[in-house]
Amino acid sequence: MNLRFEQPVWLWILLALVPLVVIGAAWFSAMSPARRLSAVITRLVLFALIAAMLAGAASVQKTDHLAIVALVDVSGSVRRYGTSLTAGSSEDALAHAGAINAAREYLRRATLRRGPDDLVGIVAFDGRAAAVAVPTRGALDDRDLDIRIADGTNIADAIRLGRALIPPDASGRLLLFSDGNQTAGDALAAAAEAAGPPGLLALGASVPIDVAPLRYRLDQEVILESVDAPPAATAGATVNVRVVLSATAPSHGTLQLLRENTAVDLNGDQPGTGRRVSLKPGTNVEVVELHLDAGRVHRFKAIYEPDVIAGPDGATRLSGDTTTENNRGETFTITPGTGSVLIADGSAMATTAGAGATLANALRASGIEVTVAAPEGIPADLLSLESFDVVVLQNVPAESIPPRVQDQLVAYVRDLGGGLIMTGGPESFGAGGWRGTPIEPILPVRLDLPDKMLTPEIAIVFVLDKLRIHGQASHGFGQNPAGNRQRLHRHGHPYARPARPRRRHHLQQRCRPALAAGPQLRSQKAHR
């Protein structure tokens, strides 16, 4: 076993063991010699273990097994523009039909020189990472790398997945094939995690990352960089929409502008609605002047459509462009209004004559613009919610609104300053299942029952009806108890029972022997 320390400076505290032995021998002098020795040794071992932990003691096991995991970038930018990769010197430059095929060819050449116990795995990634092959001794020529998982490029996820695939009994390395253009995650942070603390590199426990950069070519491409419009404008104003296009080569095409998905006529009296443009290499700016119609939110979408021309080989291609996916952009302008309310009605099924139409009719009578819709009709994006000043949930159960729409309502209130009202009803608040939803924290009421239930105090009054007060008859009753009970029973009194004849003489006869024996018993007790 090869024992190493990451921070050996902590081992200097072991010098304190000598005074500990002296102090322990004096402190435990009252113990027997064997017990004193065991107590001192136990404390010394515990102190040494703490020092070893602080120094980062590690057992290093040497291995001849090597596991390499290749991280291959298969994102959209590599597919479209990747041409080759350069690994090592210039004579190793690989130029094949695309960068992905170049990475596959590089792996094929590299595996020809590996040892019998060396392992090779593959991870393909774009917006997410997926394991194509776990580290194996077999050939990887038949593994397909042309896969699509998600949009974007996340190098950090690929690094973490590649580390997880390295077997614990092998020394690992990562080989990254990418253009380095990440759109999600933090590749530098993931690489720092793979390297670990500085001491792990000396111990051979870190995972090095080698990079094979991918080459790509952008000689025929047009990108719509931005669409700009004033964020706010008065009703009926005229605004300028600014479209910025970047081209790597001359391009000819048509610029289309849509407002609320309806084409805006930019061509005047000429046929068609688009504007003919000729782009030069570099940045090109087109400005469109528009008059705002009625409404609060005005959405604009700009689309550049390059001409389709014939190439030198007779095949058709786009004029100065390779793909049209990056030839569009959107913007919006908000016009302040007099107030607009969206009522999501769960009681009247969004009808104007139902039981839930009272609030909508009252608001309309006050001159407020009201839109009544079913709970399923609540907009799922913030820009559509921005069209309303207040959203009212009228007797709407939580199950009628998807979680994604609930999250948008929370952002609409917290981020955009919109209003949200929840009215009562049999399907609202706690009865509607809103407890535990994203909406609950922004409500001004609590939907859970309190821990301490409050119960009202109850006073019980007992009324006693006396038939005799200070020896006189009351309520017209005489002093005869039997007669009183008969009268009460005749009048339906609940505490009265029929009078029964008394058997006084029997009681007197039974009590006489006991009365006669009383003095004798007392005299006997006195003698005792």
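## Serine 384 and helix H9

Serine 384 lies in helix H9 (residues 382-385); helices (H or I, at least four residues) and strands (E, at least two) are DSSP runs, numbered from the N terminus. The model is predicted: local features need pLDDT of at least 70, side-chain atom pairs count only at pLDDT 80 or more, and totals for chains, interfaces and linings use all residues. Residues are numbered from 1 along each chain as its sequence is written, and side-chain values use heavy atoms, with hydrogens and water left out.

Serine 384 counts as buried because its relative accessibility is 15%, buried meaning under 20% relative accessible area, exposed over 50% and partly exposed in between (1.4 Å probe, protein chains only).

## Contacts of serine 384

The side chains of serine 384 and aspartate 381 are joined by a polar contact of 2.9 Å. A polar contact is a pair of N or O atoms within 3.5 Å; within protein, one must be able to donate a hydrogen and the other to accept it, and residues adjacent in sequence count only if both atoms are side-chain atoms.

With neighbours within four places in sequence left aside, serine 384 is in contact (heavy atoms within 4.5 Å) with Arg299 and Pro379.

## Strand E20

In strand E20 (residues 340-345), six of six residues are buried. Ser340, Leu342 and Ala344 point one way, while Val341, Ile343 and Asp345 point the other way. In a regular strand the side chains alternate between the two faces of the sheet.

## Pairing of E20

Strands pair if DSSP finds at least two bridges between them. E20 runs parallel to strand E21 (residues 369-373), with five bridges joining them; here alanine 344 is opposite alanine 373. Five bridges also link E20 in the parallel sense to strand E22 (residues 390-394), where leucine 342 is opposite valine 391.
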